[in-house]
Amino acid sequence: MNKPLRRVAIFCGLLVLALLVRVNWVQFVEGDQLKNDPHNRRVAIERYSTPRGNIIVDGKAITGSTTTDSGDFKYKRTYKNGKMWAPVTGYASQAFDANQLEKLNDGILSGTDDRLFFSRTVDMFTGSKQKGGNVVTTLDAKAQKAAYDGLGKQKGAVAAINPETGAILALASTPSYDPSTFAGMSNKDAEAYNALQKKSDPDEPMLNRALRQTYPPGSTFKVVTASAALQNGLYTDVDTKTRSPLPYTLPDTSGIELKNEGNIPCEDATLREALRWSCNTVFGKISADLGNKKMKAEAEKFGFNDPGINTPVRASESIYPEDNRPQNAMAGIGQASNRATPLQMAMVASAVANGGKLMKPYMVDQLVAPNLNVVQKHTPQEMSRPLSAENAQKVQSIMETVVKQGTGTNAQIPGVIVGGKTGTAQHGENNKDNPYAWFISYAKTDKGTPVAVAVVIEGSDTLRDDIAGGRLAAPVAKRVMQAVLEGEK
């Protein structure tokens, strides 16, 4: 080969090598970045080129797909009872992307996940269209309906958990929205989506209140404070009188008194009577006596101050604050800067009901390929031990007294042992707004303890502590517990 031809050959070889390097760089190094680029329309086209896999509850799909005339997109998402299930499913929209289970499991549902390689390969050889897999949830359809119907037109949320496994059984939030109304690309879809945004609708129907909204937990937090008192040895017997004066003056203040709501027997009350009547003075003093460090440590064992609680949808962080002495006393009765999601308070009831063992909450049981092979299965995991088994039994005992003959009698279920705690949390500057009505509970039978529930309702027509929780929230929790128990038969 003469010298000019050799130079041309070397140059062409270098060009081919550069091309190979560039192709591999784009494919393997920049692949994910290009795939996830919002300007890459091909990803969206592929996502909606075939019917989407489904989200499954009790063996039945609560989602579907239908053909559409939206240009490049052949199919769009549909939802059954969309408003009821939106806090679980989230949405998948041709115009507005996706969120919650739809987003987190998009690869499985659209059929593009690498774990579906075998299924995609079979489809390629058989000439079949690519299919999406399914997301099998832990949800209980009857419990979800009971929660959603129980909330009705009230603004609020419900979270229900199986204490023995951590499986989420219900996750309701009202007001809600129907994801079907903006699943497409039309002007009508855009109008529906824009109407749901916060500025257009101050009720925030797209806010998942069960997971993403935090509230002062009010007197329901006294379950945590009672647990802290027992775990730290401040008191060992729930039927022995506490050292609780009446009135009780907040520490480090110039005579500011912590009040009880109503004429209730709180002076030196036992833990049982204090929880039964919801004595602010008793539990405020317990929190002050233990100190912020011990109270914060106990709250964290229940899940507070943990930003990483994934169900797999991320829950907002519940906060037990690092505070001064008077504020810590108030936080011990669920006020001040104490904030909790409904899921968090369901976790509190769940840990007590499960003998002191808190299981990690989850709502996806399996990811399933189109050929029904299980791609991924969840294994229940212990999260922490907020209480010893002995102390958990003591807290169960006093929570059951609350339902038998205290502020939570509206949650009684014939033939079933129910433990609970009511709460009415102050809301607004100087408590000027209607308070939040709370109820947390669990139900147990001879077969076990299948459900723990937390209910919060954003509004009440009474300021009397705990009556609002017992009157408004407890009946909703009762409906949810009954629905789960019915399914256990």
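Tyr-215 is buried, at a relative accessible area of 0%, where buried means under 20% relative accessible area, exposed over 50% and partly exposed in between, with a 1.4 Å probe and protein chains only. The model is predicted, so local features need pLDDT of at least 70 and side-chain atom pairs count only at pLDDT 80 or more, while totals for chains, interfaces and linings use all residues. Residues are numbered from 1 along each chain as its sequence is written, and side-chain values use heavy atoms, with hydrogens and water left out.

Of its 489 residues, 53% are buried. Among contacts (heavy atoms within 4.5 Å) with a separation of 6 or more, 67% are between residues 24 or more positions apart. The protein exposes about 22,000 Å², and carbon and sulfur atoms supply 51% of this area, with accessible areas taken from the Shrake-Rupley method with a 1.4 Å probe and, for residues, only the protein chains shown counting as cover.

Aromatic rings come next. The structure holds 10 aromatic pairs. Rings of Phe, Tyr and Trp (its six-membered ring) pair if their centres lie within 6.5 Å, and planes under 30 degrees apart count as stacked, over 60 as edge-to-face and the rest as tilted. Phe-96 and Phe-182 form an edge-to-face pair, 6.4 Å centre to centre with 70 degrees between the planes. Phe-96 lies in the loop between strand 5 (92-93) and strand 6 (97-98), and Phe-182 in the loop between strand 9 (168-174) and helix 9 (187-195), so this pair ties together parts that are 86 residues apart in sequence. Phe-96 is partly exposed at 24% relative accessibility, whereas Phe-182 is buried at 0%. Tyr-215 and Tyr-436 also make an edge-to-face pair, because their ring centres are 5.1 Å apart and their planes stand at 75 degrees. Here Tyr-215 comes from the loop between helix 10 (209-212) and helix 11 (222-231) and Tyr-436 from strand 17 (residues 433-445), so parts 221 residues apart in sequence are tied together. Tyr-436, at 8% relative accessibility, counts as buried. Ring pairs also link Tyr-91, Phe-96, Tyr-177, Phe-182 and Tyr-193 into a cluster.

Attention now turns to the interior. In soluble globular proteins, nonpolar side chains tend to be buried together. A nonpolar core is a set of buried Ala, Val, Leu, Ile, Met, Phe, Trp, Tyr and Cys residues joined through side-chain atoms within 4.5 Å. The largest such core has 85 residues, of which Phe-283, Phe-304, Leu-343 and Met-363 touch the most other members. Helix 16 (residues 342-353) gives the largest share of this core, 9 residues. Leaving aside residues up to four places away in sequence, Phe-304 touches residues including Phe-221, Ile-319, Tyr-320, Met-345 and Val-348. Another core, of 32 residues, lies apart from the largest one, and its members include Ala-146, Val-403, Ala-411 and Ile-457.

Helix 13 (residues 280-290) is largely enclosed by the rest of the structure, because 10 of its 11 residues are buried. Phe-283, Ile-286 and Leu-290 are among the buried residues of helix 13. The cover over the buried residues of this helix includes helix 11, strand 10 (248-249), strand 11 (257-258), helix 12 (271-277), helix 14 (292-301) and helix 15 (325-331). Gly-291, with a positive phi near 90 degrees, follows helix 13.

Several backbone details deserve a look. Most residues other than glycine have a negative phi, and most peptide bonds are trans. Leu-246 and Pro-247 are joined by a cis peptide bond with omega of about 5 degrees, and Pro-247 sits in the loop between helix 11 and strand 10. Another cis peptide bond, with omega of about 15 degrees, joins Thr-311 and Pro-312; Pro-312 belongs to the loop between helix 14 and helix 15. Asp-58, although not a glycine, has a positive phi of about 55 degrees and is found in the loop between strand 1 (55-57) and strand 2 (60-61). Asp-97 has a positive phi near 65 degrees, lies in strand 6 and is partly exposed, at 30% relative accessible area.

Technical notes
Helix = DSSP H or I, 4+ residues; strand = E, 2+ residues; numbered from the N terminus.
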